[in-house]
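The following report examines selected local features of one model.

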Amino acid sequence: RHGAPDMLILPLAGSPVPKPDLVAWTIHLPLLGGTLLLSYALYFSAPAPLLWGMVLLAAAIAAFLAVAIYSLVLAPARNASTQAMLLALVALMVTAGLGLSLAAALAGRLGIPIMTITNLHAGWGLLGWTFLLVIGVAYQVVPMFQLTPVYPRKLTRWLAVSLFVLLLLWSAHTLLPPVAAHRLALLGGLGLAAGISIFAGMTLKLQWMRKRRVPDITLQFWQVGMVSLLAASALWLSGHVGAHFSESAAYPLLLGMLFIVGFALSVIIGMLYKVVPFLIWFHLQSNMPPGKRAPNVKQVIPENATRWHWRLHVLTVPVFLFSAIWPAPWVYPAGVLLLLQGVLLFINLYRAWQLYRAIAATA
């Protein structure tokens, strides 16, 4: 929040959204309900909960898209970050549309090639929505919070647009005959792998050049994410060199786990542990009486707490990879570790919220 209590400022675009509390509940409640119904329906193969879950998810995503696009279109900032975010929102629309089509097909309401749509759904969700959003955020937060040099202007100018075009090119292979489809999918995939590797490599290079050499756990979360991206690109390339490997059941699982658990989850946790303490400090400091100071960011969430989470996360990633290759002995330890991460993240953020409320009440 900034200024009037009924205005929410998007952190990187500086554009207000009216009634942020109402917007948040309007999005979060149907998103939570839809996710629970979808999980139940897929596990028990129940068509009715599947359709109701997709209705709730569609409503939540539509509300989020309307608010986010409205805010970004009206944002005074016109830079590489807002461009990447707008492209990410377009990718989210495509992802949601493909997801709704899959739900209708699984419920017996639509006749479509399910595996083809599933691959497109995963591609647009991971490479489009998730990766493009991280790119847009990284252009701002990596130099700001990690005290690195800025990303090269040539990279920020073309990377997000190029990846979006390559994703369109990769998706178009489903419309072609088999031989042409294979060549187009390979060409698009090579371009996407190159773009992913360039972004991850540049981010690691900028982090190596950072001004402060003080250890930073949130930086280490990002480094795990970037290394996982490079590993996912290398794995994808090796799968196209060795056809037998790409046809194994473990291959798509390894790719998904590297991208979701290794990359996306690492970046999300790292940003939460950086942004939440900063926002709590900023809001408390803005309202403290003269002569008093708010707790610094390292006191909001102690570094020891984030370090234990980082150790747990570094253990979780390889266990998930083992579970893709040897499911029987490893899948349950992977689930337990992921559950422990969620509990630890909740405890750390809840304590930070308690600290904020206690100090704000006396400020």
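## Ser266 in helix α9

A polar atom of the Ser266 side chain lies 2.5 Å from the backbone oxygen of Gly262. The model is a predicted one, and Ser266 is placed in helix α9. With a relative accessible area of 0%, Ser266 is buried, because the cut-off for that class is under 20%.

Which residues does Ser266 touch, not counting those up to four places away in sequence? They are Phe221, Val224, Gly225, Val261 and His313.

## Thr156 in helix α5

Thr156 belongs to helix α5, which covers residues 153-171. Its relative accessibility is 12%, so Thr156 counts as buried. A polar atom of the Thr156 side chain is 3.0 Å from the backbone oxygen of Arg153.

When residues up to four places away in sequence are set aside, Thr156 touches Ala80, Gln83, Tyr139 and Tyr151. Tyr151 is also listed among the members of the largest nonpolar core that touch the most other members.

## Nonpolar cores

The largest nonpolar core holds 42 residues, of which Phe131, Ile135, Tyr151, Phe199, Trp222, Leu229 and Phe263 touch the most other members. Two or more residues each come from α3 (80-106), α4 (114-146), α5, α6 (178-208), α7 (217-241) and α9 (250-287). The greatest contribution to this core is that of α4, with twelve residues. In soluble globular proteins, nonpolar side chains tend to be buried together.

## Packing of α9 against α12

At what angle do the axes of α9 and α12 cross? The crossing angle is roughly 5°, and the axes of α9 and helix α12 (residues 327-362) come within 10 Å. Angles under 35 degrees count as roughly parallel, and α9 is therefore roughly parallel to α12.

On the α9 side, the contact is made by Leu265, Ile269, Leu272, Tyr273, Val276, Ile280, His283 and Leu284. The residues of α12 in this contact include Leu338, Gln341, Leu345, Asn348, Trp353, Tyr356 and Ile359. An α-helix has 3.6 residues a turn, so residues three or four places apart point the same way.

## The bend in α4 and the residue after it

Helix α4 bends by about 45° at Ala138. Just after α4, Leu147 takes a positive phi of about 55°, although Leu147 is not a glycine.

Leu147 is found in the loop between α4 and α5. Is this residue buried, partly exposed or exposed? Its relative accessible area is 31%, and Leu147 is therefore partly exposed.

## Ser45 between α1 and α2

Another positive phi in a residue other than glycine is that of Ser45, near 55°. Ser45 is placed in the loop between α1 (20-44) and α2 (47-74). At 62% relative accessibility, Ser45 counts as exposed, because that class begins over 50%.

Notes:
Residues are numbered from 1 along each chain as its sequence is written. This is a predicted model: local features need pLDDT of at least 70, side-chain atom pairs count only at pLDDT 80 or more; totals for chains, interfaces and linings use all residues. Side-chain values use heavy atoms; hydrogens and water are left out. Helices (H or I, at least four residues) and strands (E, at least two) are DSSP runs, numbered from the N terminus. Buried means under 20% relative accessible area, exposed over 50%, partly exposed in between (1.4 Å probe, protein chains only). A polar contact is a pair of N or O atoms within 3.5 Å; within protein, one must be able to donate a hydrogen and the other to accept it, and residues adjacent in sequence count only if both atoms are side-chain atoms. Contact means heavy atoms within 4.5 Å. A nonpolar core is a set of buried Ala, Val, Leu, Ile, Met, Phe, Trp, Tyr and Cys residues joined through side-chain atoms within 4.5 Å. The bend at a residue is the angle between axes fitted to the seven residues ending there and the seven starting there. Axes are lines fitted to C-alpha atoms, for helices over the stretch in contact, and angles run from 0 to 180 degrees between N-to-C directions. Angles under 35 degrees count as roughly parallel, over 145 as roughly antiparallel, 65 to 115 as roughly perpendicular and the rest as oblique.
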